[in-house]
Amino acid sequence: MKEEIHVTNKTMELQDCKGDWFFNEKHGCWCLEDILYTEKALASEFQRLSIYVPAEYMKEKGEIDREGRRKGYTAATAPVILQNNSAGYMQMPHLRLDEPRCNAGQYLDRGFVLVTCGNRGSESVDEKGNWCGKSPANLVDLKTVIRFLRHNMAGIPGDLNRIISVGTSAGGAMSTLLGITGNHKDFLPYLEENGAFMEERDDVFASQIYCPIVDLEHADLAYEWMFAADKENESSHAGPAGVMTPFREALSAKLKERYITYFNSLNLVNPVGNRWDGAEAEAGLDEILRLGSDGRSGSGYEYLMKLLNESATTYLSRLEAGTLEESFSVEDYLAGNYEHQVPAPMMAAPVKDKRKWLSWDGSRAVITSLDDYILNYRRRMKPCTSFDTLGMDSGENRVFGDGDKPFMHFNPEIGEAIGELAEEFPGEFSEECGKYYEAYMAAKGDKKLERRVALFNPLNYIEAGDSADAARHFRIRVGAYDADTSLTISMTLALKLAMAGHEVDYALVWDKPHCDADYPGELCDWVEKICGQ
């Protein structure tokens with residue numbers, strides 16, 4: 001293996017790296033940083049991890065203290081948090097202590113071991129200039145990390161049979177896939193090529209999933225269904241600000257129609273009482289969720305509104321009880337008489353009078369309609385289209401590219417919708433339709449491309465059964481102020497998991513954007529609960 005500056009290990013055996021552990025006084029933990037987790041690293045700057053261990057579990061020179069205890073855990077029983085730093089399907093370095101997204105303090109204080117890991121991404125190239133981070137490289141790297149850790153379990157404190165995966169956005173997608181595809185044969189050839197320890201396992205005990213960007217085959221359709229009423233989009237990485245052109249507006253309507261058909265084909269089941277705790281539903285009380293042809297009626301629409309109402313109710317109840325950090329009252333919140341900043345680098349939350357669309361009777365919040373919520377609170381962020389973009393310039397277009405075409409369209413259904421527009425409006429739209437139709441339709445029948453897309457969709461593996469070793473526990477949290485994808489994307493994921501018999505804890509978190517959407521301490525409380533503390 002090629003030696004590089006800053007690489008701690010010159011071997012895959014961490015027992016040989018005992019002298020490289022160092023103590024961080026501020027966090028009271030032992031650290032082993034910049035660890036290459038494969039001898040076949042093609043983007044070694046990113047294929048690294050760091051390990052952070054509460055002081056009680058280690059002695060000097062990397063010796064594990066078998067007698068040390070913290071918060072009821074020992075070096076043998078402490079849960080291991082595996083936090084990936086995946087974002088936008090890009091290559092990402094592993095997180096270090098005190099970096100904004102690391103959140104090491106909450107884990108170490110509870111007695112958990114923390115592992116942060118980086119990964120290849122859509123723009124990764126090897127030494128020869130070849131693309132090496134296209135799908136499914138990101139996920140394969142994370143699976144390689146898990147196998148590397150288990151290979152070295154003798155030299156790492158923590159129970160590596162209780163790995164809790166944590167990720168946000170694309171990282172949330174990866175955390176979902178880690179939980180669903182443990183040891184699945186589809187990934188074995190990629191793992192072997194990546195230098196993973198093939199005799200080890202890559203399943204996890206639990207998955208914490210924040211704001212997952214999943215089901216990319218239908219994400220564009222879902223986005224237009226959700227934000228159909230909003231004809232403008234904010235300035236963002238996804239596209240310029242402005243009003244949609246007539247062509248995009250017509251395409252949006254077509255995609256919305258297609259999403260309604262897709263959603264209804266899923267036959268999603270409403271869990272009785274909206275209980276996301278693994279409890280079995282009472283016989284005969286399940287309800288199949290459907291969207292009405294207008295997209296704003298039916299049991300599926302009502303179910304999403306129920307989730308949003310519950311999200312607002314939880315927030316306003318806590319605000320009224322004084323258990324949040326905010327200093328303003330419920331009345332001031334509803335009237336918009338406060339200043340509220342969403343944590344950087346996210347945008348500031350709008351401060352407007354909410355009383356025309358959000359009511360509160362002291363125990364229950366009610367939103368008048370989804371369109372009122374969108375037009376007055378969480379506006380459209382992305383243009384049409386938003387994932388497989390018309391300009392073929394998104395992170396998703398790049399991650400599904402190949403060696404010849406680093407960016408590729410991957411959703412021929414958009415092409416089909418454009419074709420319908422060309423027939424319906426032969427004059428006004430013919431030039432713009434023709435510009436995009438053939439490009440999208442080129443994806444149809446490309447089996448290798450279809451494979452790359454399918455490997456990144458957890459919905460394809462939820463019912464894998466004996467073909468995969470799924471996590472025991474899934475926790476999904478999504479900001480109710482998140483406009484990076486439709487809220488029905490995470491809702492569908494949670495429902496599909498529950499229908500397959502997996503234990504799911506799912507909620508929308510009010511006023512949180514696309515981030516680690518949660519209330520303080522609740523993730524760690526969940527880890528302690530599932531680990532028997």
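The legends below describe close-up views of a predicted model. Local features need pLDDT of at least 70, side-chain atom pairs count only at pLDDT 80 or more, and totals for chains, interfaces and linings use all residues. Residues are numbered from 1 along each chain as its sequence is written, and side-chain values use heavy atoms, with hydrogens and water left out.

**View A. The open sheet of nine strands.** The strand order is β1-β2-β3-β7-β6-β8-β9-β16-β17, with mixed pairing. Strands (E, at least two residues) and helices (H or I, at least four) are DSSP runs numbered from the N terminus; two strands pair if DSSP finds at least two bridges between them. At the edges lie β1 (22-24) and β17 (503-509), each pairing on one side only. Neighbouring strands are turned by 20° against each other on average, direction ignored.

**View B. Strands β1 and β2, with two cysteines of the model.** β1 and β2 (residues 29-36) run antiparallel and are joined by three bridges. Asn 24 has Cys 29 in β2 as its bridge partner. Cys 29 is buried, at 0% relative accessibility (buried: under 20% relative accessible area, 1.4 Å probe, protein chains only). Cys 31 is likewise buried, at 0%. The closest cysteine sulfur to that of Cys 29 belongs to Cys 31, 3.8 Å away and too far for a bond. The whole structure holds zero disulfides (cysteine sulfur pairs within 2.5 Å).

**View C. Helix α6 (residues 246-265).** Its 20 residues should span 28 Å at 1.5 Å a residue, and the end C-alpha atoms, 29 Å apart, agree (expected span: 1.5 Å times one less than the number of residues). Asn 267, which follows α6, has a positive phi near 55°.

How values were computed: Axes fitted to C-alpha atoms, helices over the stretch in contact; angles between N-to-C directions. Buried < 20%, exposed > 50% of the residue type's maximum accessible area, 1.4 Å probe, protein only.
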